[in-house]
Amino acid sequence: MYRSYIPRSGHPSYPSVHSAGRMVMTDLLKPEEIKKALDAFAAETFDPKKFFEMVGMKAMSAENVKKVFQVLDVDGSGFIEEEELMFVLKGFSKDGRDLTDAETKAFLKAADKDGDGKIGIDEFEALVHE
């Protein structure tokens, strides 16, 4: 099975086309809503809850939110670690910007309820529907 990975450059490799059955974000969300949300946060401090609402995730079922999580979990570990989180907007679109260190830490703090330093699938779903 195809797995994306974070190469030495530090940027994750998000598949932009269907690869061996792996979903892409546009299978789950409308491209125009993704673009609108990315544009809104291009120069503004990233707010994950507001972003998730803008792309339509807040209205999604828990099952579909978990599918979004699986697309964002680049290394397939079952968690979104801080290194992956910095590049999370690229998981929505190759045009997404990198999060700043402060935005990454704030996102992690908002979602990581058990304090293990990474976001699990249930923590992600809970943040989206908070």
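Is Phe-46 buried or exposed, and what is its relative accessibility?

Mentor: Phe-46 counts as buried, at 7% relative accessibility. Here buried means under 20% relative accessible area, exposed means over 50%, and partly exposed is in between, using a 1.4 Å probe and protein chains only. This is a predicted model, in which local features need pLDDT of at least 70, side-chain atom pairs count only at pLDDT 80 or more, and totals for chains, interfaces and linings use all residues. Residues are numbered from 1 along each chain as its sequence is written, and side-chain values use heavy atoms, with hydrogens and water left out.

Now the neighbouring rings. The structure has nine aromatic pairs, a pair being rings of Phe, Tyr or Trp (its six-membered ring) with centres within 6.5 Å; planes under 30 degrees apart are stacked, over 60 edge-to-face, and the rest tilted. Phe-46 pairs edge-to-face with Phe-41, at 5.6 Å centre to centre and 70° between the planes. Phe-41 is buried at 2% relative accessible area. Phe-46 also forms a tilted pair with Phe-107, at 5.7 Å and 40°. That pair links distant parts of the chain, 61 residues apart: Phe-46 sits in the loop between helix 1 (31-40) and helix 2 (48-54), and Phe-107 in helix 6 (residues 101-111). Helices are DSSP runs (H or I, at least four residues), numbered from the N terminus. Phe-107 is buried too, at 1%. Ring pairs join Phe-41, Phe-46 and Phe-107 into a cluster with Phe-51, Phe-52, Phe-69, Phe-92 and Phe-124.

Notes. Helix = DSSP H or I, 4+ residues; strand = E, 2+ residues; numbered from the N terminus.
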